[in-house]
Amino acid sequence: EKILAPMVVGKSVDSAAGIWDLMKRVRGHRMAKSGIETACWDLEAKKLGVPLWRHLGGVNRTIECGVSIGIQDSIEQLIDKIAIEADAGYRRIKIKIAPHWDYEVIKRVRAAFPDIQLMGDANSAYTLADIDKLRSLDEFDLMMLEQPLGFDDIIDHAKLQAQIKTPICLDEPIRSAGDARKAIELGSGKIINIKNGRVGGHAQSKLVEQTCRENNIPAWCGGMLESGIGRAHNIAISTLAGYTMPGDVSASKRYWHEDIVEPAIEVSPDGTITAPDGPGIGFQVRRE
């Protein structure tokens, strides 16, 4: 309200893609910038009378959805939760892992669900001293191992990726297309998670997506506990060609008793969401 908004309100730009440059004088604060920038994309699409996903250049109107499940009190409880989400149709199951909750847990999960697309998210819980343990996870045919090492690291990840078969997915250190390019050149990982809030909005997400696509690096849309508004933006950006893997774009009911958009966001029985036809984000904000 006090710093970024005055840089934007009342200013003229050729398109919503120019909003980012108005805020360039401020370093960082990409999530706040994303809030302003994505709203401008929504406004521009509404003025043009077109769906946001199409305005962004989306090509895959129907997107595949995955879910993220945290560390549970027991492996049995985790298996029960996975069963619920698999039955709901979700195309990919992400489970959180940590040094006390990894090999035996994944072994049991894989035995119970031999065919699901399964990945582990470590949230920077490991170091290079854990290479042997992380290499042991290769036997479980995981889609990827997300951010096993330091949250801001791409150097040690390159060393780790060279010694394990499971693809590493980079999350927190990728804040821009430049970060993505450097990580790809170093071989720090084979997959990139793109989060609108982390990179600063749609224009920046499009640049990261383009970098991934041109280098044949699969990408997917990560979630940051969005309300229906942010979730609608995630749906729209996930329709771009470079988003080739199921993302963390799930139904409103997984997080909210009552969402702030209508209709509530729902996932089909086959684990997909179809981007809406209406102008802008295609959902109405329940302003009351």
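Helix 3 (residues 30-48) and helix 11 cross at roughly 95 degrees, and their axes come within 8 Å. That makes helix 3 roughly perpendicular to helix 11 (angles of 65 to 115 degrees count as roughly perpendicular, under 35 as roughly parallel, over 145 as roughly antiparallel and the rest as oblique). Axes here are lines fitted to C-alpha atoms over the stretch in contact, with angles running from 0 to 180 degrees between N-to-C directions.

This is a predicted model: local features need pLDDT of at least 70, side-chain atom pairs count only at pLDDT 80 or more, and totals for chains, interfaces and linings use all residues. Residues are numbered from 1 along each chain as its sequence is written, and side-chain values use heavy atoms, with hydrogens and water left out.

Glu-37, Thr-38 and Trp-41 of helix 3 meet His-202, Ala-203 and Lys-206 of helix 11. Contact means heavy atoms within 4.5 Å. By class, this contact holds two nonpolar, two polar and two charged residues (Ala, Val, Leu, Ile, Met, Phe, Trp, Tyr, Cys and Pro are nonpolar; Asp, Glu, Lys and Arg are charged; the others, Gly among them, are polar).

Helix 11 spans residues 202-214 and includes Ser-205. Ser-205 has 0% relative accessibility, so it counts as buried (under 20% relative accessible area; exposed is over 50%, partly exposed in between, with a 1.4 Å probe and protein chains only). Leaving out residues up to four places away in sequence, Ser-205 touches Ile-194, Asn-196, Val-199, Ile-237 and Tyr-243.

A second pair is helix 5 (residues 75-87) with helix 6 (residues 103-112). The two helices are oblique to each other.

| Helix pair | Angle | Axis distance |
|---|---|---|
| Helix 3 and helix 11 | roughly 95 degrees | within 8 Å |
| Helix 5 and helix 6 | about 40 degrees | 10 Å |

On the helix 5 side, Ile-75, Glu-76, Leu-78, Ile-79 and Ile-82 make the contact; on the helix 6 side, Glu-104, Val-105, Arg-108, Val-109 and Ala-112 do. These residues divide into seven nonpolar, no polar and three charged.

Now the whole chain. It has 12 helices and 11 strands, taken as DSSP runs numbered from the N terminus (helices H or I, at least four residues; strands E, at least two). Its radius of gyration is 19 Å, close to the 19 Å that the globule rule gives for 288 residues, so the chain is as compact as a globular protein of that length. The radius is taken over C-alpha atoms, and the rule is 2.2 Å times the number of residues to the power 0.38. Buried residues make up 51% of the 288.
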